[in-house]
Amino acid sequence: MKFAALAGAVAAHNITAEVETQYLSYIAEHGKSYGTEEEFKFRLATFARNQKYIEQYNAKVTDDAATVGLNHMADWSHAEYKRLLGYRSRPNRSQGKPALPEVTDVPASIDWRAKGAVTPVKNQGQCGSCWSFSTTGSFEGRYQIAGNPLTSFSEQQLVDCSKAEGNQGCNGGLMDDAFTYLEKNKLETEADYGYTARDGTCKFDAAKGVAGDTGFHDVTPKSPDALRQALQTGPVSVAIDAGGINFQLYFGGIMKHFCGTSLDHGVLVVGYGTEGSTDYWILKNSWGAGWGEKGYFRILREQSKEGPGVCGLQLDASYPIM
């Protein structure tokens, strides 16, 4: 679309010249393009609305609380954003084995990224496959911790091949069902079974399968101590409530009031720590390194408080047994 046509579309929607300039810079930065004037108008109006919200929200932020900002989803509708949130629990779901015995020596902080057990941040695209990325994240970490090279494993294999266990590909799934699939099938590498961000026919090649699991552990729900202890042995898959606009536009800081406890998104806890007097969990997302804190985010850790946890973090945590 020519810039003259863009200017006409801007004027028609009462968007200021300053916002127009900012949006054109945003388009260039994120490599976006639109095929029609109508779509441009829609995206521009969404961008302007979100930009205004960001300014108003951040003006109220104090201390170490999270802020929001412009990212690649700043011109998305909320319906488009919600398609990413593919955690789907279900009745009669797979059940894990009891958690491991308590660890007696629990350090004040841990970060599995620094220990070489976390692959680079990935991007699920516009597919509700977050559950598969959460699964590979804990699988990759524990595979490395078991003495193997850090390996990027295939989310697409789980998207295409674990439907018999209850998963629905880009329409959602459950990490525990993926762990159940891996009890019978070895997981291929990302290089051998690449990600396409869409549903496909299962192309699993047993000869290329690298490793599976022998089941999974469920972390005791509503217990920050149980989750912290589980993290002593490796990254942990968790479900959270990520349905709000604040999560969509998260820019950095510690999430304290961003969410409820309606679980809809699968992510990965890779550690925990403390900033000043505020304890937090460290989590890896699957929306690319341009979102949040280089693809990661932090959530308030209420270490002495039993309950669902902020964003429901303590309600459904599990990890594979390697």
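Predicted model: local features only at pLDDT ≥ 70, side-chain atom pairs only at ≥ 80, totals over all residues.

**Disulfides**
- Cys127 pairs with Cys170, with 2.0 Å between the sulfur atoms. The S-S torsion is about -95 degrees, so this disulfide is left-handed. Cys127 sits in the loop between β2 and α5 and Cys170 in the loop between α6 and α7, so the bond ties together parts 43 residues apart in sequence. Both Cys127 and Cys170 are buried.
- Cys161 bonds to Cys202, again with sulfurs 2.0 Å apart, and this link is right-handed at 100 degrees. Cys161 is in helix α6 and Cys202 in the loop between α7 and β3, 41 residues apart. Cys161 is buried at 11% relative accessibility, while Cys202 is partly exposed at 39%.
- Cys259 is joined to Cys311, S to S 1.7 Å, in a left-handed link at -70 degrees. Cys259 is partly exposed at 24%, but Cys311 is buried at 1%.

- Cys130 is in no disulfide; the nearest cysteine sulfur belongs to Cys127, 9.0 Å away. At 0% relative accessibility, Cys130 is buried.

**Cavity**
- The largest cavity holds about 90 Å³ of space.
- Its lining has 13 residues, with Phe133, Ser134, Lys284, Asn285 and Ser286 nearest the centre.
- Helix α5 gives the most to this lining, with five residues.
- The lining divides into three nonpolar, six polar and four charged residues.

Notes:
Residues numbered from 1 in each chain as written. Heavy atoms only, no water. 1 Å grid on protein atoms, 1.4 Å probe; cavity = no way out; pocket = protein on both sides within 12 Å on 5 of 7 lines; lining within 4 Å. Points joined across faces, edges and corners; volume = space filled by probe spheres on them. Helix = DSSP H or I, 4+ residues; strand = E, 2+ residues; numbered from the N terminus. Nonpolar A, V, L, I, M, F, W, Y, C, P; charged D, E, K, R; others polar. Disulfide = S-S within 2.5 Å. Buried < 20%, exposed > 50% of the residue type's maximum accessible area, 1.4 Å probe, protein only.
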